[in-house]
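Here are my notes for your first look at this one. Open the model alongside and go through the points in order.

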Amino acid sequence: MHIEVVANIGEARSDDLLHKTVIVVDVLRATSTIITALANGCKAIVPVETVMKAKEQVQEGDLLGGERYCKKIPGFDFGNSPLEYTREAVQGKRIILTTTNGTRGIQKSMKADHILAGALLNGRACAQAAIALKKDTVILCAGTQDVFSFEDGICAGLILEELTYTLGEKNVLINDFGLAMRGSYLHSKDRLFETLVSCANGKKMSRSGFHDDLILCAKSNIMDQVPIWEHDQMILLPRSLARSTF
Ligand SMILES: O=C(O)[C@H](CS(=O)(=O)O)OP(=O)(O)O
Ligand SMILES: [Mg+2]
């Protein structure tokens, strides 16, 4: 399997994603939030790029989620904290979500054969799903406004490590940036929370009162749910499919 890690959305070229599986990673916080919401029984997440599109897409019974400048958008039901998306709040609901980076990363990946949402929370499950889908894989680090964000790179490293562990070293071909991220993950895997707190977005989250989000988003491999793009929304990949090659 060829695996390419792309450092931020601005560096992704849509045509290079053709026939690939793309794993969009936005640890802080969009993909952590999407995974948590779906794991808590949300029916589907519709990721859109703008607040206007979110308001246009909303139908009766839907909920609106998202942030601008890390804060909940006025009039929306949720911000972008995974902790808001509890079972009580989201069960059976469709949520229209717009965030600064993560939802844009998903929209940028539309030419791919498959789009998955990855974070530290489901890194191992994501790797297993990518293997089951049998395509070359791009790990698209969302970054922050087209600048690389370290927490996404660390997560890419985790997914690479899991892919390599399962497929075997000689069966994966990783680009140079991916090799660097794998090394960074191995260096910090026993102190992921401290690593998240020390990076720019982690500091911003702490300053903005989202310390508890960092505690959750730094946990690795605690969820086996994998969101996948289907019929214009993110839903959960059936676990039977994700496991089908193991
Ligand atoms: O709310 C977040 O976690 C960020 C906001 S910002 O871009 O870092 O200001 O959005 P996200 O799309 O989850 O990166
Ligand atoms: Mg982010």
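Which helix gives the most to the shell around ligand 1? Keep that in mind as you read, and remember that this is a predicted model.

1. Start with the shell. Helix H9, residues 200-207, is the top contributor around ligand 1, giving three residues. The shell residues split into four nonpolar, six polar and four charged.

2. Next, look at who comes nearest. There are 14 residues around ligand 1, and the nearest are Asp26, Arg29, Asn80, Thr99 and Asn101.

3. Now for some polar contacts, each to an oxygen atom of ligand 1. The side chain of Thr99 has an N or O atom 2.6 Å from such an oxygen. For Asn80, a polar side-chain atom lies 2.8 Å from an oxygen of the ligand. With Gly102 it is the backbone that takes part: one of its polar atoms is 3.0 Å from a ligand oxygen. The protein covers 97% of the 370 Å² of accessible area that ligand 1 has on its own.

4. If you run a pocket search, the largest pocket is the space taken by ligand 1.

5. The peptide bond leading from Leu28 into Arg29 is cis, with omega near -5°. Arg29 itself sits in the loop between strand S2 (21-25) and helix H1 (30-39).

6. You'll find Tyr69 in the loop that runs between strand S4 (63-68) and strand S5 (71-72). As background to this point and the previous one, most residues other than glycine have a negative phi, and most peptide bonds are trans.

7. Finally, the aromatics. Searching the whole structure turns up two aromatic pairs. In the pair of Phe148 and Phe177, the ring centres are 5.3 Å apart and the planes are at 85°, so this is an edge-to-face pair. Phe148 is in the loop between strand S8 (137-141) and helix H6 (150-167), while Phe177 is in helix H7 (residues 176-188), so the pair ties together parts 29 residues apart in sequence.

Technical notes
Residues numbered from 1 in each chain as written. Chains lettered and ligands numbered in written order. Predicted model: local features only at pLDDT ≥ 70, side-chain atom pairs only at ≥ 80, totals over all residues. Heavy atoms only, no water. Near = heavy atom within 4 Å. Polar contact = N/O pair within 3.5 Å; in protein donor to acceptor, adjacent residues only side chain to side chain. Areas by Shrake-Rupley, 256 points an atom, 1.4 Å probe, with all protein chains shown as cover. 1 Å grid on protein atoms, 1.4 Å probe; cavity = no way out; pocket = protein on both sides within 12 Å on 5 of 7 lines; lining within 4 Å. Sits in = over half its atoms within 2 Å of the grid points. Helix = DSSP H or I, 4+ residues; strand = E, 2+ residues; numbered from the N terminus. Nonpolar A, V, L, I, M, F, W, Y, C, P; charged D, E, K, R; others polar. Phe/Tyr/Trp six-rings, centres within 6.5 Å; stacked < 30°, edge-to-face > 60°.
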